[in-house]
Amino acid sequence: MEDTKRMFWNEPNSKSYGIPTVSIPRLSYKDPLADKLIANMKPVVLTDTNLVGSAMKWDSHYLQENLGDSPCTVYLSKTHKFKYFDANQTKKCDNDFSPPTEQIVMRFQEFVKRLKSWKEGDKRLYMQEPLNEKILKSLQLVNDILTFNWGWARMQQKQNNWGPLTTNLLMISTQGNVTPAHFDNQHNLFAQIYGYKRFILFPPEDYDKLYPHPVWHPHDRQSQVDFDYPDYTKFPKFHDIKGHEALLGPGDVLYLPLYWWHHVESLLQTHFTISLNFWYKAGPNLCLSDSTLYPLEGYQKMAIMRNVEKMLVEALRDVNEVGPLLRTILEGRYN
Ligand SMILES: CCC[C@@H](CC(=O)O)C(=O)C(=O)O
Ligand SMILES: [Zn+2]
């Protein structure tokens, strides 16, 4: 197994996918440029927000003490990839969809036990559980959460017109796990608590280079391109992709704008990584109105493309008719 590990990972413990990247700016949250980047929906790493300062003591022992018998959702994968899928969308796939990961619920203490004994070659583990009353039984943990830097988070939410906070997802991943390239339709303040994660981001307008699965597919919002073995015949434009890269360590917060693609991996410096995200719904500026500025931004065009695709699936009923109809509109008229 050792060789496999070496094959995939070169120093410093991260894969090289052969994708040219530029660094995402790392700024103090006090730097006016930081707020400017966030206002313009550009990614930025903030180094000193203290957003989850009270969680910096969260290690497996502390969390076991405070989450012990709480049920938590754990994904298992035979590979290092944890590609999200919506189990409710498999019916349109006439059973040729095989889930790439297993989802099980186990007591947190059981998860920690398996995490600690995990070794290369075992099924990989990825615990992903929203912080809510279901698992928050310890006053100590509730107090930690109450002492997050909510003032700063709320100020960002307000001044950037984000919608409501929907989720704080607690993530605990075995080293080397990868969340393949996808986008979310929420703004994200991603806080790294323990260990290191490497992000490669792509702007919304790279939609054509990342070939997302169709909107009706269980892997909606996920790129079809396997970054380890890209199929350049099927996905030729992936050749021209350029990324924005950031290495996140304990205390760092990445502002990951709505609809920005991201590929995320837990590095090998530590046996596991701990992260907590803050997902905010999109604000009203996603809807077109009299005050909309033209030309439209990449994320606005992405929303339009998704709405058109969804409308066609709805209207035609048969997903196999969507392509031919779009080609009829396009060929000889718009190309
Ligand atoms: C389930 C969420 C996974 C996370 C990426 C990662 O840390 O592996 C992500 O994609 C996000 O926070 O949006
Ligand atoms: Zn995501």
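Which side-chain oxygen reaches to within 3.1 Å of the backbone nitrogen of H61 at the start of α3? That oxygen belongs to D59. It's a polar contact (a pair of N or O atoms within 3.5 Å; within protein, one must be able to donate a hydrogen and the other to accept it, and residues adjacent in sequence count only if both atoms are side-chain atoms).

Before going on, some ground rules: this is a predicted model, where local features need pLDDT of at least 70 and side-chain atom pairs count only at pLDDT 80 or more, while totals for chains, interfaces and linings use all residues. Residues are numbered from 1 along each chain as its sequence is written, chains are lettered from A and ligands numbered from 1 in the order in which they are written, and side-chain values use heavy atoms, with hydrogens and water left out.

**Helix α3**

Helices (H or I, at least four residues) and strands (E, at least two) are DSSP runs, numbered from the N terminus. Helix α3 spans residues 60-67, and its buried residues are S60, Y62, L63, N66 and L67. Buried means under 20% relative accessible area, exposed over 50%, and partly exposed in between (1.4 Å probe, protein chains only).

**The zinc ion**

H182 (NE2), D184 (OD) and H262 (NE2) coordinate the zinc ion (ligand 2) at 2.1 Å. Donors here are N, O and S atoms within 2.8 Å of the metal (3.2 Å for Na, K and Ca); water is not among the atoms, so sites may look incomplete. Along the chain, the donors follow the spacing H-x1-D-x77-H. H182 and D184 are both buried.

**Aromatic pairs**

There are 21 aromatic pairs in the structure. Rings of Phe, Tyr and Trp (its six-membered ring) pair if their centres lie within 6.5 Å; planes under 30 degrees apart count as stacked, over 60 as edge-to-face and the rest as tilted. Here are two of them:

| Pair | Centres | Planes | Type |
|---|---|---|---|
| Y29 and W152 | 6.3 Å apart | 85° | edge-to-face |
| F183 and Y207 | 6.5 Å apart | 40° | tilted |

Y29 is partly exposed at 25% relative accessible area, whereas W152 is buried at 5%. F183 and Y207 are both buried.
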